[in-house]
Amino acid sequence: MRSLFTHLVAVFLILGSFAVLVYAAAPDVMKLDARQGIVTFTHGKHSQMPGITCKTCHHEMKGDTVEKKCSDCHKRTIQNDVPTIKDAAHKQCRGCHKTMKKGPTNKCKECHVKVKK
């Protein structure tokens with residue numbers, strides 16, 4: 001019985017450590033360069049919201065690993081029927097904000113901040 005308990009504790013510690021490493025690899029705040037201005041995305045804040053998992057936003061995952069950035073597939077122009085990065089981000093981000101009735105949804109300047117030169 002003691003051996004089973006020891007093995008279960010070891011498994012939970014390993015899995016817990018893995019989860020911490022995966023989470024730690026993701027940046028807390030991301031600055032996304034867009035034509036209308038820089039978009040600051042609080043990845044850490046969003047990833048801790050109830051009901052949000054990695055797969056909520058990262059639809060192209062292998063197991064528990066995010067292997068690509070959005071811009072690896074979503075480009076500035078439509079290619080191979082894949083939505084542009086702008087269309088994908090607006091659908092994902094604005095769509096979620098509208099559904100949740102929280103956060104910016106209507107005005108470009110709510111997300112996009114022009115850098116003063």
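Among contacts in the protein between residues at least 6 apart in sequence, where contact means heavy atoms within 4.5 Å, 30% join residues at least 24 apart. The model is a predicted one, in which local features need pLDDT of at least 70 and side-chain atom pairs count only at pLDDT 80 or more, while totals for chains, interfaces and linings use all residues. Residues are numbered from 1 along each chain as its sequence is written, and side-chain values use heavy atoms, with hydrogens and water left out.

The protein contains 5 helices and 5 strands, taken as DSSP runs numbered from the N terminus (helices H or I, at least four residues; strands E, at least two). Along the sequence these elements follow the pattern α-β-β-α-α-β-β-α-α-β. Of the 117 residues, 9% count as buried; buried means under 20% relative accessible area, exposed over 50%, and partly exposed in between, with a 1.4 Å probe and protein chains only. The accessible surface comes to about 10200 Å², of which 63% belongs to carbon and sulfur atoms. Accessible areas come from the Shrake-Rupley method with a 1.4 Å probe, and for residues only the protein chains shown count as cover.

An open sheet of 3 strands has the order β1-β2-β5, with antiparallel pairing. Its edge strands are β1 (30-32) and β5 (112-113), each of which pairs on one side only. Two strands are taken to pair if DSSP finds at least two bridges between them. Strands β1 and β2 run antiparallel and are joined by 3 bridges, and the bridge partner of Leu32 in β2 is Val39. The hairpin of β1 and β2 has 5 residues between the strands, and in this hairpin Gly37 takes a positive phi near 130 degrees. On the β5 side, 2 bridges join β2 (residues 38-41) to β5, again in antiparallel orientation. Here Ile38 stands opposite Val113, and Val39 stands opposite His112.

Thr40 also lies in strand β2. This residue is partly exposed, with a relative accessible area of 42%. Leaving aside neighbours within four places in sequence, Thr40 is in contact with Val29, Met30, Lys31 and Cys111. The side chains of Thr40 and Lys31 are joined by a polar contact of 3.1 Å. A polar contact is a pair of N or O atoms within 3.5 Å; within protein, one must be able to donate a hydrogen and the other to accept it, and residues adjacent in sequence count only if both atoms are side-chain atoms. Thr40 and Cys111 are 71 residues apart along the chain, and their C-alpha atoms are separated by 7.1 Å.

His43 is found in helix α2 (residues 43-47). The residue is buried, at a relative accessible area of 15%. Residues up to four places away in sequence not counted, His43 touches Ala26, Pro27, Asp28, Val29, Met30 and His58. With Pro27, the side chain of His43 reaches the backbone oxygen at 3.3 Å.

Thr84 lies in the loop between α4 (70-73) and α5 (85-100). Its relative accessibility is 9%, and Thr84 therefore counts as buried. Not counting residues up to four places away in sequence, Thr84 touches His74, Lys75, Arg76, Thr77 and Ile78. The C-alpha atoms of Thr84 and His74, 10 residues apart along the chain, are separated by 5.0 Å. The side chain of Thr84 reaches the backbone nitrogen of Asp87 at 3.0 Å.

Helix α5 has 16 residues and reaches 22 Å from its first C-alpha to its last, close to the 22 Å expected at 1.5 Å a residue. The expected span of a helix is 1.5 Å times one less than its number of residues. Just after α5, Lys101 takes a positive phi of about 55 degrees.

The structure holds 0 disulfides, a disulfide being a pair of cysteine sulfur atoms within 2.5 Å. Cys93 is in no disulfide, and the nearest cysteine sulfur, that of Cys57, is 6.9 Å away. Cys93 counts as partly exposed, at 38% relative accessibility. For Cys108, the closest cysteine sulfur is that of Cys111, at 8.8 Å, which is too far for a bond. Cys108 counts as exposed because its relative accessibility is 52%.
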